[in-house]
Amino acid sequence: MHAETEVHFRDAAAKALLDPQLRANFRRAMDGLITKRKAQFPDPRDLQDLRDLSTAIRSRSLLNLPELLEQFEANCTKNGIKVHWAETCEQANELILGIMQAKGAKTLVKGKSMVSEEMHLNAFLESKGIEALESDLGEYIIQLDGETPSHIIMPAIHKNKDQIARQFSQKIKDAKYTEDVDELTAMARKVLRQKFLDADAGLSGVNFAVAETGTLCLVENEGNGRMSTHVPPLHIAVMGLEKVVARLEDVAPLYAILTRSATGQAVSTYFNMITGPRGAGEKDGPQEVHLVILDNGRSRIYADPQLRATLRCIRCGACMNHCPVYTRVGGHAYEAVYPGPIGKILTPQMEGVGVRHDLIHGSSLCGACGEVCPVEIPIPEILVRLRREATHEDLGSTVAGKGTGRTATEDWAWRLWAGVTKRPVLYRIATWFATRFGKALPAGAPLIKNWTQSRTKPVPARRSLSERMRAEGGPHA
Amino acid sequence: MNGSKPKKVYFYGTCLVDLFFPDAGMAGIQLLREAGVEVVFPEGQTCCGQPAFNCGYWEEAREVARTQVALFPQDLPVVLPSGSCAGMMKVHYPELFHGQPDEAKVRAFSARVYELTQFLVDVLDVKLKDLGEPVKVTWHSSCHAVRDLGLKGEPQALIGQLAHVELAPLTREHECCGFGGTFSVRQPEISAAMSCDKAADAEATGASVVLSTDGGCLLNVNGTLEAKNSKLKVQHVAEFLWERTRAR
């Protein structure tokens with residue numbers, strides 16, 4: 001199976017690379033985000049202090065995850081939030097359907113939530129006759145086109161304003177063609193306003209879940225998150241089980257580093273703290289608040305001390321913004337809910353390292369992602385770990401699909417490599433042949449062919465360094 | 001070393017320098033000798049094991065790494081003309097040998113590893129005298145030299161000592177050139193896109209040479225430049241420094 005998907009990433013990436021508009025859109029957008037983030041951290045020591053603090057908070061939260069989740073559930077319940085647990089995406093979808101059906105709800109207006117993307121919630125609800133409308137502007141744009149997000153923070157970043165203008169004029173009723181960004185935004189706002197008022201239910205994600213108070217924190221820029229969670233009579237929140245932190249005071253540093261890392265903002269336009277349904281005498285807020293907590297492989301990731309670092313992720317997207325691969329191929333080439341570097345470690349852990357063998361190898365291990373990650377997830381190290389897991393069944397881990405990415409050819413190649421490289425005499429013979437006949441190797445030979453697609457063939461020197469040092473007869477050991 | 005400059009070091013050539021850039025290796029050795037250091041070049045050097053390590057074949061990587069560590073028994077610095085291989089030996093060997101019976105021995109070895117320019121600047125504090133013609137160069141920072149090994153501008157500091165050399169920065173100096181070892185053949189299209197952008201960035205500086213600490217980056221950028229018949233050349237920083245400081 002992995003051979004099939006491996007072709008997918010290479011093919012999807014190669015196709016994306018041939019689209020100059022897409023490449024220009026991503027390069028421009030990512031350059032902008034890199035510059036904006038940099039401006040937020042003028043002092044590298046301040047940045048490192050905030051990274052250390054944020055990493056410590058997330059690590060401590062994960063270390064006590066089971067206890068914190070229990071405390072969080074108890075406090076949510078005390079606040080009047082109904083908590084549901086889902087082991088799989090299917091269970092989570094059924095739970096949401098059940099909650100909506102119990103209230104007779106037929107329409108859902110959604111704030112941004114990557115977990116709901118993970119669940120493919122929209123398609124599921126539509127198959128059950130429920131309309132699920134994305135209200136985040138970027139999500140709304142891609143939903144109109146039947147697409148998935150190409151970035152976890154900026155879902156429509158692959159499109160430029162001309163493309164959106166064309167699309168709005170075709171897909172929104174009575175819309176005229178304009179490339180004016182304010183007018184385009186106003187068009188979407190007009191549609192969405194009525195939907196907020198009419199919707200039976202609203203759905204949101206959760207950025208931080210506070211155990212000591214039972215609070216759901218929501219970071220957003222458009223106000224649509226607040227509308228989705230406060231206007232409809234029913235609010236359903238979904239979150240991965242790793243989102244919990246112990247104390248309210250943990251939220252401030254994480255929030256500060258999240259917005260700065262993601263979009264280069266010191267704060268977001270909105271920050272919502274939801275502690276329950278509308279209270280007696282209160283003028284707004286939903287009558288019911290439900291929270292669905294999703295596992296979907298997370299407890300398995302949690303069980304491994306090294307892989308657990310994956311769950312520190314606060315979904316800022318900085319790793320994508322700084323990834324030279326992501327910047328060139330865009331988010332859709334990954335054919336995964338979470339693209340970019342974090343997706344390359346998260347997706348294979350969720351779906352299996354054999355099935356997503358392609359993603360594990362879709363990195364030059366340049367380390368830009370690990371360098372920029374605000375919670376210091378060692379993404380390159382985890383990639384290498386997953387490459388081991390994909391090719392070894394006997395590492396005693398709980399990694400999904402371990403050993404299923406193994407191929408006889410690759411095995412043979414590495415054994416041959418080690419066989420030659422650990423024997424200096426054989427190595428010397430091999431380099432002697434390479435220096436004398438390396439020039440004669442055909443450019444179309446396997447592997448060399450991949451290299452020479454865009455480069456001239458590397459030609460070994462006439463005499464190797466070792467040979468020259470031997471000839472020099474200098475001070476050898 | 002107690003702050004005093006070592007009189008003797010080991011030199012590890014690395015497989016790419018051995019095979020493709022022997023002049024860079026010789027230059028590195030000469031630069032060390034020029035600084036008054038005796039250089040020991042043990043026979044039997046092959047590969048640091050990074051390709052297998054990065055691909056998840058740790059058993060094979062360990063077998064090879066063991067044979068290499070054994071070549072450097074004395075308590076002397078081990079100097080490499082490569083940020084990537086130095087990073088492997090210094091940072092990733094302890095990881096690779098974690099929990100192995102010879103972990104302590106390997107850790108002691110790793111603690112002695114230096115990238116060449118790092119050693120020339122931080123340990124030997126060399127002063128170079130430029131004897132060359134005026135030239136404009138550009139600098140590509142190898143990802144592993146900077147991010148694994150933590151080089152903090154040592155090569156640029158050495159180039160900066162040369163009076164007649166102008167260093168024109170790349171727009172995206174810290175972006176990967178697209179080599180990534182097996183990445184370049186596993187994902188040739190993405191790798192090519194990265195390499196072509198790096199080559200174009202280098203050409204736009206108006207420099208006549210691209211310098212780097214790493215053979216992998218140099219092979220990659222050179223192949224790309226040659227394929228488009230560019231006038232721009234690549235050179236290992238050791239070879240460049242040696243040529244500039246040597247009287248003809």
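**Entry 1, cysteines.** I looked up Cys316(A) and found its sulfur 6.4 Å from the closest cysteine sulfur, which belongs to Cys373(A), and this is too far for a bond. The rule I applied takes a disulfide to be a pair of cysteine sulfur atoms within 2.5 Å, and by this rule the count over all chains comes to zero disulfides. I then looked up Cys48(B), which is also in no disulfide, the nearest cysteine sulfur being that of Cys85(B) at 4.2 Å. For reference, I note that a disulfide is a covalent bond between the sulfur atoms of two cysteines.

Cys316(A) counts as buried because its relative accessibility is 6%, and Cys48(B) is buried with a relative accessible area of 4%.

Residues are numbered from 1 along each chain as its sequence is written, chains are lettered from A and ligands numbered from 1 in the order in which they are written, and side-chain values use heavy atoms, with hydrogens and water left out.

I looked up pLDDT, the predictor's confidence in each residue on a scale from 0 to 100. Chain A averages 95, with 98% of the residues scoring at least 70. Over residues 1-6 of chain A, however, the pLDDT is below 50, and this stretch has eleven contacts in the model beyond near neighbours in sequence, a contact being heavy atoms within 4.5 Å. Where pLDDT is low, the predicted coordinates should not be read in detail. Chain B averages a pLDDT of 96, and 98% of its residues score at least 70. For the complex, the predictor gives an ipTM of 0.96 and a pTM of 0.96.

My helices (H or I, at least four residues) and strands (E, at least two) are DSSP runs numbered from the N terminus. Axes are lines fitted to C-alpha atoms, for helices over the stretch in contact, with angles running from 0 to 180 degrees between N-to-C directions.

In chain B I looked at helix H4 (residues 58-69) and helix H5 (residues 83-96), which pack at an angle of about 120 degrees with their axes 11 Å apart. That angle makes H4(B) oblique to H5(B), on a scale where under 35 degrees is roughly parallel, over 145 roughly antiparallel, 65 to 115 roughly perpendicular and the rest oblique. H4(B) passes H5(B) in a left-handed crossing, meaning that the near helix is turned anticlockwise from the far one by less than a right angle, whereas clockwise would be right-handed. Among the residues making the contact are Trp58(B), Arg62(B) and Val69(B) of H4(B), and Met89(B), Tyr93(B) and Leu96(B) of H5(B).

In chain A I looked at helix H9 (residues 161-171) and helix H10 (residues 181-198), whose axes come within 11 Å and cross at roughly 40 degrees. H9(A) and H10(A) are therefore oblique to each other, and H9(A) passes H10(A) in a left-handed crossing. I noted that the contact is made by Lys161(A), Ala165(A) and Phe168(A) of H9(A) and by Val181(A), Leu184(A), Met187(A) and Ala188(A) of H10(A).

Leu365(A) sits in the loop between helix H17 (357-360) and helix H18 (368-372) of chain A, and it counts as buried at 8% relative accessibility. Leu447(A), not a glycine either, has a positive phi of about 70 degrees. Its place is the loop between helix H21 (424-437) and helix H22 (448-452) of chain A, where Leu447(A) counts as exposed at 56% relative accessibility.

Val39(B) is in strand E2 (residues 38-40) and is buried, with a relative accessible area of 1%. I found its C-alpha atom 6.7 Å from that of Ile29(B), ten residues apart along the chain.

Ala163(B) lies in the loop between helix H9 (154-160) and strand E6 (165-169) of chain B and counts as exposed at 64% relative accessibility.

His98(B) lies in the loop between H5 and helix H6 (103-110) of chain B and is exposed, with a relative accessible area of 59%. I recorded His98(B) and Leu124(B) as 26 residues apart in sequence and 31 Å apart in space, C-alpha to C-alpha.

Note on methods. Predicted model: local features only at pLDDT ≥ 70, side-chain atom pairs only at ≥ 80, totals over all residues. Buried < 20%, exposed > 50% of the residue type's maximum accessible area, 1.4 Å probe, protein only.
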